[in-house]
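Please open the model in your viewer and keep the selection tool at hand. The stops below take you from the whole chain to single residues, with a note on what to select at each one.

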Amino acid sequence: MQLVELAGILGTSPLGSLSQDAGIGLITSDSRQAGPGTVFVALAGAVRDGHDYIAAAIDRGCLAVVAERCPEPFTEIPCFQVADTHQALGELTAAFYDRPADKMRMIALTGTNGKTTTSWLLEGILKKTGCRVGVIGTVNYRYESGDGRVIVRSAPLTTPDPVVLQGLLREMADAGVTHVIVEASSHALAQKRLAGIHFDVAVFTNLSRDHLDYHRDMEEYFTTKKKLFIDYMKPSGSAVVVTGIAEEDDYGRRLADDLADGDLITVGFDEKCSLRAVACRQSLQGVGMVIQSLAGRYEINSALTGRYNMLNMLAAAGAATALSVPKEQIRAGLVAVDRVPGRLERIIPPGLPEKDAPVVFVDYAHTPAGLENVLTTLKDLTDGRLICVFGCGGDRDTGKRALMGEVAGAIADVVLLTSDNPRTENPLDIIAQAVPGLQRTKLEERRIEELFASNNPQTGFMTVEDRATAIRQACALATPDDVILIAGKGHEQYQIVGREKSYFDDRMQVKNGLTAWTIPHLVRATGGEWRSNGSGPISLYGKISTDTRTLQPGDVFVALKGENFDGHAFIQQAIAAGAGALIVEELAEIDAPGLPVIRVGDTLRALGDLAAYRRRLFGSSVKVIALTGSSGKTTIKEMMAAICNRFYATSGIAPSAVLKTRGNFNNLIGLPLTLLELGAEHEVAILEMGMNRPGEIARLTEIAGPDIGCINNVQAAHLQGLGDINGVAAAKGELFAGLSGDAVFVVNDDDPLVVRQYRKYGGRKVGFAVTGAGRRRRPVIRITRIVGLGEQGSRITLQVGDWKKRFILSAPGMHNVANAAAAAAMAHAAGIDGESIAAGLAGFSNIDKRMEFARVPGGLRVINDSYNANPSSMDAALRTMATFSPDSRRIAALGDMLELGDEACACHRRIGRLAAELGYDLLAVTGDYRQEVVAGAREAGMAKEQVMGFIDTVAMADWLYHLMISGRLGEEDWLLIKGSRGMRMERLLDELQNRFDPSRNRG
C-alpha cells in the first residue's frame, strides 16, 4: 500500500508534503510501534488521548499521521486531519489488508447474552455444509487452515481492535475460510472497530443490564447495539432478531419493528416469528423442541439445556436460514454441538459416577438477567437443593451487584457469595455491595456447618472471599440430589486481582472440589469400615498423609505398618497436629470425639487403593505414563517432563500440567503418594516404578493404571532379591503384563530382554533404538548420526517416523542418548509432536546427583552421579567421563554397588578393570567391596599408587584435598563420584566443599 492512496481512502488531503513513492509497512494506533514505514493514527480514548503521542510517533520516524487535530504548524511529515480517527483506523486497516472481509461471507452477532453459544451453534451448522469457518469471539479466535489444522488464538477482547481484526481476517481469507462469525460487543460498536466491514447477516440475541459503567443508560446501550444493523450491514444483508424475551422492555421487538422494511427473520416462541420453537421440553440432560419455519418443521434434541439455549439455537438456525442452509443441515449442526465452553457447561471428572456427585454447571452469567435465566432453568430441573456460587467483577457497573444478589437469593436455596475478578477493588467491598440484595430475599446468612449439615441442612447464604475455596466447599459438600451453578467466569482461565492476572479456571476448581477427600470417597476408595466416633464437623479433608511431621490440619492420616515402624504409635501426634480423619488397622482407643476413623485390613494396601481410586476419578483426562528399568529411569522421567512442559506450555495449558515422581518416590509408598497429588490441572503423570522383589511392579501397575508403559532396559541390578538377569527381566515385565488392552507399550529395541518381554505380552507398540541392531527392528523412534562432544554432550539426529531433526543433547554420554530415545518414544506415544520433543530434549539439563556438573572451590571439576549405581550405570558413567577433555587428569571416586547377590565380587572386580582400561589416572574406592575394585584395577595395569581404598568418604575427601592443595589436581581435571544410593557418595562432595569453605558446616 502506498502513502498516496491514503487521501482517497480518507477523503482528505494532508497537511505537509506527500511522498509519491513511499510504501506503508504498518498502520498503528500505538506510538511505541511507530517507526519508518508506519502510519500513526491518533485515537482519543477514555484514559489516554493518542494526540498527546503524535510527537513521540514522529520522533520514532513514522511516515505519516492521521488525527482529528493536526499540530500546528505541521510541516515535518504528512498529517491527514479527519473527523473521526476511529472510523479512519478501521477503513485504513481494511484497505491495508486488501479488504479481506469482501472475500468471505460475514456474520455478526450482538446482544448482552448468548453471543458465544450462538456462534458455536452456527459454526457447527456451517461445518456440516462443508464450509471452512472462522470465529472471532469471547472464548478465542479460531479458524481452519488450508491443511486442516485448527488455528487458535487467545482473545483478550471479544471484538479485537481494527489492526488485529483486519489482520486476522486477512489470515483467514488466505487460508481459504469461506464464512466468518464475529461477536460484536457494544464497546466495539461504540469505538467503530468494525469500520470497513459490511455483514451479510447480523443477529441480535437480547439486551439486559450490563456495561452501564461504559454506557450512560439502557437506551444508549440499545442504540449502540442497533448500530450493527444500521451502519454495518450490506444492502442485501439479512437481520435475525430474537423476540419475545421477558424483559422490562422487549428490545428485540423494538429492533424488529425498526428493521421491518429490510430482509428480516424473527425467531422465538411466538407464533408470529419467522422461526419458532414448539413442543419444547427440557431436563438436566438437555432440551428437545420442534423448529417450525416456512421451509418446514424439524425436531431438535440437544445436550444443551435451558429455555434461553433454545433461543440461541433459534438464532443460529435463523442465521443459517438467511445463508440458505437447508434445514437438514441446520438440524445436524445444532445436534452436533453438545457443549460450549463455560456456557451452562456440565462438569464432572470422567471417572466419577454421576450417581455419586451433585450436578455442577459452570456458566458465564455475569449480569442480573443472565444469572436469572440460568437459575430459573436449573430450579425447574432440581430434585434437591439449588446451590449458586457467584461474585461480581471489580471496576465494573456497581449498580448490578445488589441486583445479582437479589436474583440469586430469590431463586437458589443456598448461595455462596464470593470473588470474581476484583481487579483494583477490595474483594470484600464488592461482596458487601451484593449482600443487601441477598438480604432482601428469603435467605438468611448462615455458617457452613448449617448449610451443609449431614442431616437437615439449612437454606441460606454465606460469604467466602476466596473463590477456589467457595467452589471446593460447594462441590465437595453438596449431595447427589443437589444442582450447583458456578456463575460469572465461564470459560475464563484467569483471575484478576489488583493488576495481576493469575491462572484460574472454574472448571478445574469444580473437578478438584468434586474429587476432594470426603468420607464417602475414602470409604469407596479403601472399602474400609467407617466409625463416626460421635458427631463431628462436616467432612471435607485435605491431603492423604503418612507422616505426622508434615501433616497439616484437616489431612487424613494413614497409619502404615512396616518392619521397623508402626504408624499406629503416632496416632496421638496426628490428632494433635489436626488430622481430619484416620485410616488404621487397629481400632485402639482414640481420644478425639467426632474424629472419623476408617478401619482397613492393610494400611499399605489402603494407601495404594486411595491412589488407584484418585487415578480412576480423573480417568481419560490425564495420560499416565509408567516407566521402569534397571537404570536411567529418573533421567528419562526428567527428560520426558522437559518435553511435556514445553508441549503443554506451547498449547496454553496451565503451568502445572505435568505431575512427576519426586525424588525416589517410586516404591509401594512413594508412587501412591505421588499419584495422590493428581488434580484437574494435570494433563500427564510420569511415574517411575522401582522394585526389589517380584510382585512389586505388578502392584504398582495395578495402582497407576498406565496408558503408556516403558521398560527402558534390563540389567544386573537387585540380583539379591531376583536371582539373575532373567529374574530381573521377569520382574520388570510385570509392567507390560499389567497394561490394559488399549495401552501403548514403549519398547527398547536395543535390548533383547525388553523385546522378549514385549513379545510375551504384545499390544500397541512404540519402539526406540540408537544402535544399528535395534534399528533393524524398525522402531518409530531412532537416534542416528551420534557425535560425542565430551562434556558438552552429543550431537544427534532424532527421527520420528519420516520426520527428523538434528540438535545437541547437552547431557553427556551414550547412555543419555539412549535415555533421550526412550523419552522421545514415550512422548510420541502420548501424542506429542516431533518439534516439541526435540525442543524439550535440546533444553534438558542434568539433574541432581545424575551426571550433575559441579566445581569444588579449589578448582576441580566434578561429575556428581551419586544417586545410584549398578554395573551397567557404573560402566556408562566411567565411559562417559573418559571422553572428557583428553588433556585433563580423570579421577573416579566410587562406592559399592549394592544388592548384587552372588555376583557382587565379580561385578566390582570388572568395574576396577574397566577404570584401568579406560585410562583413569586415579581410582578411589570405598565400601565392603573396595578390595575387589582395587584388585581388578591392578590386574588391568593400574599402578599401586594410582588405586586407593578408603574406609569412608571422609578419608577419601582428605586424600583428594591434599592432592588438590599440593597442585597434583587442578581446575582442568575431572572427578567422577558414583555409588549406590545406600553409599551416600554425595557426602564426598560435601566433605570437599567443607574443607575449602568451613563456614558451610557451621550451625
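**The whole chain**

Begin with everything selected: of the 1003 residues in the protein chain, buried residues make up 57%, where buried means under 20% relative accessible area, exposed means over 50%, and partly exposed lies in between, with a 1.4 Å probe and protein chains only. This is a predicted model, in which local features need pLDDT of at least 70 and side-chain atom pairs count only at pLDDT 80 or more, while totals for chains, interfaces and linings use all residues. Residues are numbered from 1 along each chain as its sequence is written, and side-chain values use heavy atoms, with hydrogens and water left out.

If you display the surface, the protein chain exposes about 40,100 Å², of which carbon and sulfur atoms supply 47%, the areas coming from the Shrake-Rupley method with a 1.4 Å probe.

Contacts are the next thing to consider, a contact being heavy atoms within 4.5 Å. Among the contacts in the protein chain with a separation of 6 or more, 66% are between residues 24 or more positions apart.

**Helix α10**

Which residues of helix α10 are buried? Select residues 327–336, which form this helix, and you will find that Ile330, Gly333 and Leu334 are buried. Looking down the axis of α10, you can see that its buried residues fall within an arc of 100°, so they line one face of the helix; the arc is that of the directions from the helix axis to the C-beta atoms. An α-helix has 3.6 residues a turn, so residues three or four places apart point the same way.

**The cysteines**

How many disulfides does the count come to? Taking a disulfide as a pair of cysteine sulfur atoms within 2.5 Å, the count comes to one. Select cysteine 70 and cysteine 79, which this disulfide joins with an S to S distance of 2.0 Å. The torsion about their S-S bond is about -85°, so the disulfide is left-handed. Cysteine 70 is buried at a relative accessible area of 6%, and cysteine 79 is buried at 0%.

Move on to cysteine 273, which is in no disulfide, since the nearest cysteine sulfur, that of cysteine 280, is 12 Å away. Cysteine 273 counts as buried, at 9% relative accessibility. Cysteine 905 is likewise in no disulfide, and the nearest cysteine sulfur, that of cysteine 907, is 9.4 Å away; at 37% relative accessibility, cysteine 905 counts as partly exposed.

Most residues other than glycine have a negative phi. Select alanine 279 in strand β13 (residues 275–283), where phi is near 50°, a positive value in a residue other than glycine. Alanine 279 is exposed, with a relative accessible area of 51%. Then go to asparagine 456, in the loop between α14 (448–451) and β20 (460–463), which has a positive phi of about 60° although it is not a glycine. Asparagine 456 counts as exposed, at 60% relative accessibility.

Glycine 629 is found in the loop between β29 (623–628) and α20 (633–650), and at 0% relative accessibility it counts as buried. Leaving out residues up to four places away in sequence, glycine 629 touches Asn712, Asn713 and Lys732.

Next select threonine 518, in the loop between α16 (506–514) and α17 (519–526), which counts as buried at 7% relative accessibility. With residues up to four places away in sequence not counted, threonine 518 touches Ala476, Ser539, Leu540 and Tyr541.

For the last stop, is aspartate 213 buried or partly exposed? Aspartate 213, in the loop between β10 (199–204) and α7 (218–231), is partly exposed, with a relative accessible area of 43%. Not counting residues up to four places away in sequence, aspartate 213 touches Asp395, Arg396 and Asp397.

Methods. Helices (H or I, at least four residues) and strands (E, at least two) are DSSP runs, numbered from the N terminus.
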